[in-house]
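Hi,

Here is the structure I promised to pass on. My notes on it follow below; have a look at the model alongside them.

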Amino acid sequence: MQSETRKQLLKLFTEAGETFLSGQKISEQLGCSRTAIWKHIEDLRKEGFEVEAVRKLGYRLKKMPDKLNANELQLGLKTKRFGWSVYDQESVPSTQQLAHQLAHEGAEEGTVVIAEEQTAGRGRLNRSWHSPKGTGIWMSIILRPSIPLQQAPQLTLLVAVAVAQTIQEITNIVPDIKWPNDILINGKKVAGILTELQADPDQVRAVIVGIGMNVNQKQFPNDIAPIATSLAIETGRTFHRPKIVQTLLQKLEQLYEQYLQHGFLPIKLLWEGYSVTIGQQIVARTLNGAIRGVALGITDSGTLKVQTEDGAVHYIYSADIEI
Ligand code: BTN
């Protein structure tokens, strides 16, 4: 837990941006002595905050630590509900697992579970998800939409749009989405989404959305190196992960509100704008075998429509797509 003064000090610093704040001004605003302020600044420095001090001008915040904890995530967060309940962990087997448990216990919508490292990160189709320490974003968020079960796949596509928009805003690169929710840059996977449900027979109780984003990795293990990439590899820059999570939570909340008010159509249009699947000759590898054909589009419930050579149209709920 951080003290109220420390919280207010960080708020003042972030609101001031590049502007220096004098010790006098800070102590007036926070109602404590200049010595107390100085001690708080020293504590911040020990935690990895870079606070610049210039005689006669005062202090300004130059850099925040790249730590995915509640303090960092909530400082300057502009959402109404998403991300205001955060379970931050150094290392977990999987954030999905913990989020499922919390959802069962009644955790509120918008609750986030985030970890610096996952030791048993899970991907779609029972694959594992490489989640090394301190380099990527491994998080799960709990949603509680009042929708019938068959509409749940729409949320997967909604999250893919939020991830794509976030990457676009942060890097200026327009990523591709491969149905249903692989996020690619230059044909390699930079982020993946795993949507899991807790449901009654016909109604969704909770949707646990797991998002994995490769951010600052400079390399990948040999087995995934040919198919995986990170924002750092694609741009040659390193990124402040809390800022990315904040952007993601904001995009996610906006799209989710739009979805609850206006339905899936606006989301579908945005998804199609990023899609590399539609109109392509593809192979869809499902649990029941492979389907080769042209991806015609997605239906209003988010399933993929594929036309095979014989003219038959297939509706695909879950598959791995090869383009
Ligand atoms: C995929 O593309 O196969 C989905 C990958 C999802 C990975 C994320 S990382 C956070 C959350 N916890 C997990 O164990 N998996 C998801």
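Let's start with Ser140, whose side chain makes a polar contact of 2.6 Å with the side chain of Gln96. This is a predicted model, by the way, so every distance here is computed from predicted coordinates. A second polar contact, 2.8 Å, links the Ser140 side chain to that of Thr95. Ser140 belongs to strand 5. Is Ser140 buried or exposed? Buried: its relative accessible area is 0%, and the cut-off for that label is under 20%.

Thr95 takes us on to the ligand. One of the polar side-chain atoms of Thr95 is 3.1 Å from a ligand nitrogen. On the oxygen side, a polar side-chain atom of Lys189 comes to 2.5 Å from a ligand oxygen atom, and a polar backbone atom of Arg124 is 2.6 Å from an oxygen atom of the ligand. If you are setting up a list of pairs to look at, note that the Arg124 one involves the backbone, whereas the Thr95 and Lys189 ones involve side chains.

How much of the ligand does the protein bury? On its own the ligand exposes 420 Å², and 98% of that is buried by the protein. As for where it is, the ligand sits in the largest pocket.

Now the shell. There are 20 residues around the ligand, and those that come nearest are Ser94, Gln118, Arg122, Arg124 and Lys189. By class, the shell splits into 10 polar, six nonpolar and four charged residues. Which elements give two or more residues to it? They are helix 5 (95–104), strand 5 (137–143), strand 8 (188–199) and strand 9 (204–213). Strand 8 has the largest share, with four residues.

- Trp179 and Pro180 are joined by a cis peptide bond, with omega about 0°. Pro180 is in the loop between strand 6 (176–178) and strand 7 (182–185).
- Lys56 has a positive phi, near 75°, and is not a glycine. You'll find Lys56 in the loop between strand 1 (50–54) and strand 2 (58–63). With a relative accessible area of 78%, Lys56 is exposed, because the cut-off for that is over 50%.
- Leu125 is another non-glycine residue with a positive phi, near 50°. Leu125 sits in the loop between strand 4 (112–118) and strand 5. Its relative accessible area is 35%, so Leu125 counts as partly exposed.

Ile41 is part of helix 3 (residues 34–46) and is buried, at 0% relative accessible area. From the C-alpha atom of Ile41 to that of Ala228 is 40 Å, with the two residues 187 apart along the chain. Thr156 is in helix 6 (residues 152–171). What is Thr156 at 11% relative accessibility, buried or exposed? Thr156 counts as buried, since the label applies under 20%.

Cheers

Technical notes
Residues are numbered from 1 along each chain as its sequence is written. This is a predicted model: local features need pLDDT of at least 70, side-chain atom pairs count only at pLDDT 80 or more; totals for chains, interfaces and linings use all residues. Side-chain values use heavy atoms; hydrogens and water are left out. A residue is near a molecule or strand if one of its heavy atoms lies within 4 Å of it. A polar contact is a pair of N or O atoms within 3.5 Å; within protein, one must be able to donate a hydrogen and the other to accept it, and residues adjacent in sequence count only if both atoms are side-chain atoms. Accessible areas come from the Shrake-Rupley method with a 1.4 Å probe; for residues, only the protein chains shown count as cover. On a 1 Å grid over the protein atoms alone, a cavity is a set of points where a 1.4 Å probe fits but cannot get out, and a pocket is an open set with protein on both sides within 12 Å along at least five of seven lines; lining residues have an atom within 4 Å of a point. A molecule sits in a cavity or pocket if more than half of its atoms lie within 2 Å of its grid points. Ala, Val, Leu, Ile, Met, Phe, Trp, Tyr, Cys and Pro count as nonpolar, Asp, Glu, Lys and Arg as charged, and the others, Gly among them, as polar. Buried means under 20% relative accessible area, exposed over 50%, partly exposed in between (1.4 Å probe, protein chains only).
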